[in-house]
Amino acid sequence: MSRTLRSVAAALAFVLASGTAAFAQDPSGKLVIVTSFPKDLTSAFQQAFQKAHPKVTVEILNRNTNAGVKFLQETASNNGTDLFWASAPDAFEVLKGANLLQAYKPKVEGIPEKVGAYPVNDPQGMYAGFAASGYGIMWNTRYMKANNLPAPKEWADLTKAIYYDHVAISAPSRSGTTHLTIETILQGEGWEKGWRTNKELAGNYRTITERSFGVPDGVNSGSFGVGIVIDFFALSSQASGFPVEFTYPTVTTIVPANIGVVKNAPNKLAAETFVDFILSPAGQEVLLQPAIRRLPVNPATYEKAPAGYPNPFKDTSLGAQVNFDVEVSQARYNVVDALFDQLITFQLDDLKAATRAIHQAEAAIAKKPNDKARSLVAEARDLVAAMPVTAEQAADPQLAGAFTVERKSATDAVPERQAQVEQKWAAFAKENYAAARKKAEEALALAR
Amino acid sequence: MNHQFSPTALGADLQSVGVRIDGVNLFYGSNHVLKDVNLDIRPGEFFAFLGPSGCGKTTLLRLIAGFNTAQRGLVRIGDRDISALPPHKRDVGMVFQSYALWPHMTVRRNVAFGLEERRIPRAEVERRVDAALDLVGLKHLADRRPSQLSGGQQQRVALARTVVIEPKVLLLDEPLSNLDAKLRVQMRQELLSLQRKLGLTTIFVTHDQEEANTICDRIAVMDDGRVQQVGSPQELYDHPANLFVAGFLGTANVLDGEVRGDGTGTAFVGKGFTPVPLPRTVEAGSVGKLMFRPQNLTIRQDDGEPRPGCARLTGRITHREFLGASIRYAVDIGGQQVQVDAPHQAGDPLLAPDSPITLDLAADKARFLRR
Amino acid sequence: MTSLALSRESIARVRPGPAAVAALIALFLLLFLVVPVVQVIFVAFQDKTTGAFTLVNFADFFRNDLFMRSFWNSFYVSAMSVVVASALALPLAYLTTRFEFRGAVLIQSLGVIPLIMPPFIGAVAMQLLFGRNGTVNLLLRDHFGFSIPFMEGLNGVIFVQSIHYFPFILINLSASLKNIDRAMEESAQNLGCHGFRLFRRIVFPLAMPGYVAGASLVFIKVFDDLGTPLLLNVSDMLAPQAYLRISSIGIADPMGYVISVVLIVCSLLALWVSALAMRGKDYATVQRGGGGLARRRMKPLELVAAYTVVLLILMLVLAPHIGLSLLSFATIWSFSPFPDAFTMKHYHTVFVESGQYITNTLLYASLAAALDVVIGTAIAYLVLRTKLPGRQWLDYAAMAALAVPGVVLGIGYLRSFYGIPMPFSGQPLSSFWLILVFALAIRRLPYALRACTAALQQVSSSLEEAAENLAATKLRTLGRIVVPLMSGGILAGFVTSFATAAVELSATIMLVQSQSDAPLAYGLYVYMQSAAGRGPGAALGVFAVVIVGLGTYLSHVIIERGRRERGQER
């Protein structure tokens, strides 16, 4: 190249470089975040971020996940929110589907593709995972002692008669992370067997809460003894001094908690900087604080973690047992929620009555073996476990369509209405549980 | 609408008892509301507590009913000391000034109330209620609500309600003050007639001396918590014990002056009038006033001497009132005001204001009152 | 000529003053109640796929077992709550208004405090005290071997709700009792009636307007309340079902809106029934300055019994607050009758972090309550004293606010006002904190309206006519005669509006857009989402209760003093 050209090129390159450097400005102004995370977590990040970027004021708007999504939907026309920050991936899917997020690829290096068996980021880049959590079992040591209950290890343990009326869970329709746990059981054991397990567990539930924090709250105060909870609830409760213990069963999902930039964010620069911050090593370390206790997605951070801190990247048992298929989960998402609610949540009393009768019958048979009784009990169990729809039906877009609004084209058949479907399932469950109970009581009478 | 009270409809024999109030003193906080009240009300008497607002007459009535407690003193009904009894055990019937008919009950149920409280069997209750309503002439309104009745009708219901339980004593708290003038006159006659026929001891509180005069046997005049005087209307009018009673019952002329001895006895002397002889009981130098009624004065159109036993008053007419049956002249006597009534016939000339006038006062009708 | 005269006559019937006021109120209700709600509810009448008008969703509702079960549960719980709340309120109201009772004003103020129970935390505290493994049952089980299912299922909801809402009956009944002419009671005593019979036959029937006003409020409020059942994990009741369905994401379920419509209709029905029951019972008394129920003295034995009853009731209704206080000082309270240890740490945390919440709350709640009593008095006056055509609809519209779930109102506001930018700042209208005040005011207007109506019903119109006869204008009559005589009821309305607005959450949480504008309930909600936040949350709750309680007590004292000066107290 001629000398002049070379110097021009160099000058151009210099200008461009300094120009780009000039473009990589410091963020400033207000940063509005709608989040469902508790204060412990948000304050920690808020303080750390504001220290690193003093010109930014972080404004945290605390809503539960559902309310947060609704809020974004309602305010879309004049959006004032920069970031949506929550645990449940399903909320982000909804926002993504409604075109309320914008893509951003974080600039931070070193974040792996998957944590456990679950992808960290959205494939389209609409939201990014920043921390992982796994579902497990939490219990109150004082309660267990007072009621002579052994510490549980696996999901199957919780189906035993001894835990009757001592366990709690939140409804999957209200808690995206619980939903994923239910879905994990379904994918891990198969549709039929998975539902059987879910119902056997449910037969032991004292209550099904509407918000996910209701479960650890109840275990903390000793209202019930065992809770199916997400790990950081249990770990932060321990850090607060409550007499509780926690374990991961072998079959569990590790799920990332996410953050996404809202479409038409007023302060896009600050939003993106924040995302990068929480993924940076400094940000990831915040997760290790005792009041927060979540699993970083950056494997390097674990070196700074205290001994015994769960590490999904090293400990292959954590969440890798099940090959989680996100597509399958998405396709039947609403159906699974509705099935759980109609068959379990709103029929809990009947289900528990049937389960109790079965437990009593089995206890009697253990003392006085009786073949007829045993087969009756098996029939009863089958009745409880019966499902009104198969896996294929559950994945059928027709059925899914009952729960959503869009009809893709005028030639699509109009699906049944949601209320009709629910009524069918509810009636199904009611009938079966009543029949199961009868059979179990018969069996009990025989075994006495 | 006139009607007759028919006590036979009540079908019962009402016993009358007397009421005695002994040495009652009542305080509200530091307020001495009733001061040393002593009264003896005879059985079957129609007795009035008369006085201005705030004199304590209602307080005294409520004491008998049991809604007040006296710090000192007793209340006896018949021979029974009821001072400590709560109101619902006293068996005295009270008609309240506002009638206090319960708006959520019909007339019939209002009247039946007291009987139901006494656990009287239903059939008997209905019979007596009918009799009481008959007595006051309101049987045809038995199923109405109080809000649908006129004032006079409400009062009758209140009466029926009280009378039906056959109380020993009937207490009436200004029962006529809420009625219009004509009705008032009519009702007081009916009250009197009812009382006579039932023979109930009745105590009647009022501030209207005409009411008290026309129907009561005896009156206790009260002022400032004290009983000023007890007596029949005539006694109180003719022989008032003090200036207050004199002024409260009827019009009183009051003259200032001095009591001087004049050799044979004492006389009341002052400006504008000749000395008025006083009874021996009044000593020279006593402090008091002279009281006489307008009708004790005669207008002298001539210049003659005062009539025997009369003192002479000279003065000037300040104004006059035409009362129909009489003319009332206000006269200035030596700087004091005096009223004289002159009977009026059609065609009689009226004396003009500002003209001089001469009056004769019958000395034996004048009273010397110390306070 | 004649036509002119005729039209002048018909114009005269619609007087300009009241008509203007009515129009203003109608506009307010339209803008801030009707429009937002309709926006949300019309979904219930839409076919989900075609968008056409349909009633099929309602058919689905009645065919659905879960919904019908929820319906009957809601009904049962509401009715039982009225019963229990009455049992709690009657003795307190009767004893404090009827007898010489030292501390009557204090007790009346304490009696309001159950209303000031921030959401979430009330049920948490009750669980801690009365739950299956709460204080009472742990002690019972340890010492006596049995436990009482206070908080199981529907019982728990009834228990918490009746304690929470019994002040409605207490306040309204007390105001009513105080206004009964003394002679009514004395004439009954004179005829031999006393004690409980006297109360049952005379006093209570005459106090009915107040009782019915309070009882119908309790019924409706319990029927529509979602916070308590949800927190106690009772989801098969109507209001929780509506909430769960409206607030679930990713699906468009019209049933939530259908249930909202059912809630509104049922509440309106309940009001209509109570209005029917009160028809024709005109209990206006002419106050002659000395009216009001006589206060009797009790004998020493009676006093002891009375104080015991009052103390027991107060302890029960203040149990949530006792639990709350314990929690605010507790380090760890888990499966034991009492906390492990006590600390001041939580108060320190709250003090440092939450001052803004408290000032915001005081401002919002006072404004909302003031707005409520002004509008409530105006509507009461228009309905009871004028002949304006269509005035009854103002009453119905205002009362309908009771039946609207907070979440529906919140969403409706967002939909209606978000698109409108405010002048000067360009911020959306719904983020202006005054909108939050309006939301609070609208949701509380029914309480104030009922209280003002009951108060006005007990003021005879002859009292106003006397003033007008003396050449006072309508306005001056209102200000100098009517309003002072209504002051008891107005105070009751203000107090309930203020107290409940101070701790409202369901509409608030949808509308709050910045922390600096957020009220106390929001701060509390944020605390209660984490294990470490229970203590500070409870401390903040205690703050709320103390502040509102003090405010209530002070306003009580001031108005009582005013009444005494006017000779309405003895």
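The legends below describe close-up views of a predicted model. Local features need pLDDT of at least 70, side-chain atom pairs count only at pLDDT 80 or more, and totals for chains, interfaces and linings use all residues. Residues are numbered from 1 along each chain as its sequence is written, while chains are lettered from A and ligands numbered from 1 in the order in which they are written.

**View 1. Chain C against chain A.** Of the two pairs of chains that touch, chains A and C have the most contacts; two residues are in contact if their C-beta atoms, placed from the backbone, lie within 7 Å. Here 49 residues of chain C are in contact with 61 residues of chain A. Elements of chain C that each supply at least two residues to this side include helix 4 (65-98), helix 6 (121-130) and helix 20 (406-417). Helices (H or I, at least four residues) and strands (E, at least two) are DSSP runs, numbered from the N terminus. By residue class, the side of chain C that touches chain A has 21 nonpolar, 20 polar and eight charged residues. Ala, Val, Leu, Ile, Met, Phe, Trp, Tyr, Cys and Pro count as nonpolar, Asp, Glu, Lys and Arg as charged, and the others, Gly among them, as polar.

**View 2. Chain B against chain C.** In this view, 19 residues of chain B are in contact with 18 residues of chain C. On the chain B side, strand 6 (92-95) and helix 2 (107-117) are the elements that give two or more residues, and helix 2 gives the most, with three. The residues on this side of chain B are 11 nonpolar, six polar and two charged. No contact joins chain B and chain A, whose closest C-alpha atoms lie 48 Å apart.

View 3. Strand 9 (residues 218-223) and strand 10 (residues 226-231) of chain B run antiparallel and are joined by five bridges; two strands pair if DSSP finds at least two bridges between them. Ala220(B) stands opposite Val230(B) in strand 10. The hairpin has two residues between the strands, and Asp224(B) takes a positive phi near 55°.

**View 4. A three-strand sheet in chain B.** Three strands of chain B form an open sheet in the order 11-15-21, with antiparallel pairing. Strand 11 (253-256) and strand 21 (367-369) stand at the edges, each with a single partner strand, so one side of each is left without a neighbour in the sheet. Four bridges join strand 11 to strand 15 (residues 289-292), and Val254(B) stands opposite Met291(B) in strand 15.
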